[in-house]
Amino acid sequence: MFAKILIANRGEIAIRIIRACRDLGIATVAVYSQADKTSMHVSMADQAICIGSAPASQSYLNISNIIAAAKNTGADAIHPGYGFLAENAYFAELCETNDIKFIGPKSNVIELMGDKVKARELVSSEGVPLVPGSAGAVESFARAAQIADAIGYPVMIKASAGGGGKGMRLAHSRNALEEALNMAKMEAKGAFGNDEVYIEKYIEEPRHIEFQILGDEFGNMIHLGERDCSLQRRNQKLLEEAPSCMLDAELREKMGATAVTAARAANYTSAGTIEFLVDRDKNYYFIEMNTRIQVEHPVTEMVTGIDIVKEQIRIAAGEKLSIAQSDVNVNGWAIECRINAEDPDRNFMPSPGQITEYWCPGGPGVRVDSSAYSGYTISPYYDSMIAKLIVWGRTRAEAIERMRRALLEFQVGNVQTTIPFHLQVLDNAFFQKGEVYTNFIQRRMGG
Ligand code: ADP
């Protein structure tokens, strides 16, 4: 096992990783930007090193400073968390060449699965169903129009290097296709430095259902069941739950086996996620693999009792998976609400500033993953998530009740948050019946 892990991240996920390290008896090194001097992850870690100024490009994305910090502190592994460098193949490779274990899959696997066109090709060669679309990248409008005519409108243009919903455009007709193609390319170039795009059929009112995967370096690969992340705003997840109301035991088993096949195709090691869209007729289609720990991993932890971050660290240390597929049992229901410093009444505009009072909910079945405290200032430099509020109940109805109670207990002074919005979602009759899909907020909540 590792003696010391450097955490190349900030906020709640840095704290989440420190907690897993503590449970495993591993020392921790936090890195921080000048804007994060008084952050909780800095005081919680055994050691802390400043790696640059506030902009992420100068600090949390500053590869050479992070590697130097690991070397100087004698860390034998780096955990990248999510975001920042978590899916940067070059960073993972540099860790490898510096004899620092990157806690994640091999760099070539990050590169392969980060290229959505290549990932689609790879998993489809193993029989994993894809959203109907282009076989590879699409260069010209003429080719795009040909493919769209063949699969039928509406279609989605998506960036090959895409992430965070960027570089994605919907086209309802041939007339709109050219502009959608150009806009997607431009946005992809700006965000990822790569304007390669592909086309998928637009699935109407789909569910976003993903499977948590764990694979070790001995070829053992299991899944921990699904998460339903259909509640999204502008293709960004807001509320996630496990399990999904949509799956029965048979479909769950079939999709789980498909997810394992997809991860095996990539020789995947570490914790990862296979994402699917499911249409109204319960056909499912692979959309992408995320090669990192995800924001929403706690809902899976709550229903399986498995500490995914601990497993991820053990796998990186060369240990065998401590559980087999038959050991995985899903018990009860878990829901996560992302509490962001955003104003739902003003189009979810970020609301940075100092949190004057911070009262966290508690009680049976409640978990809060957060780096906030009374007096903490939310920096405009980073994302606006204040906390992840996760609840567990024996049934979905009990989980919803507990979430409502916990949201009402949660007090965050002086900044606007998404708490009132989540309360509205919980009160929505369609949500309560489990009738959710990715455009739910747009259609049912006018957002
Ligand atoms: P990103 O990597 O940018 O997050 P994804 O491929 O994971 O992109 O898609 C994010 C979300 O966009 C999905 O959860 C879904 O809501 C929507 N989406 C993506 N592809 C399609 C599609 N073909 N049809 C309908 N919605 C889609």
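1. Starting with the ligand: one of its nitrogen atoms sits 3.0 Å from a backbone N or O atom of Ile-203. That falls under polar contact, meaning a pair of N or O atoms within 3.5 Å; within protein, one must be able to donate a hydrogen and the other to accept it, and residues adjacent in sequence count only if both atoms are side-chain atoms.

2. Before going on, note that this is a predicted model, where local features need pLDDT of at least 70 and side-chain atom pairs count only at pLDDT 80 or more, while totals for chains, interfaces and linings use all residues. Numbering runs from 1 along each chain as its sequence is written, and side-chain values use heavy atoms, with hydrogens and water left out.

3. His-208 places a polar side-chain atom 2.7 Å from a ligand oxygen atom, and an N or O atom in the side chain of Gln-232 is 2.7 Å from an oxygen atom of the ligand. Protein covers 95% of the 550 Å² of accessible area the ligand has on its own (Shrake-Rupley method, 1.4 Å probe).

4. On to the domains: the chain splits into domain 1 (4-103), domain 2 (132-201) and domain 3 (207-444), with bounds from an automatic or database domain assignment. Over C-alpha atoms, the centres of domain 2 and domain 3 are 28 Å apart. Six residues from domain 2 and four residues from domain 3 make the contact (heavy atoms within 4.5 Å).

5. How much area is buried between domain 2 and domain 3? About 370 Å², with 46% from carbon and sulfur atoms; this is accessible area lost on putting the two parts together, summed over both. On the domain 2 side, Pro-132, Gly-164 and Glu-200 lose the most area to domain 3, together 48% of what that side buries.

6. As for specific pairings, the interface of domain 2 and domain 3 has one residue pair in polar contact, both at pLDDT 80 or more.

Methods: Buried area is the accessible area (1.4 Å probe) that two parts lose on being put together, summed over both.
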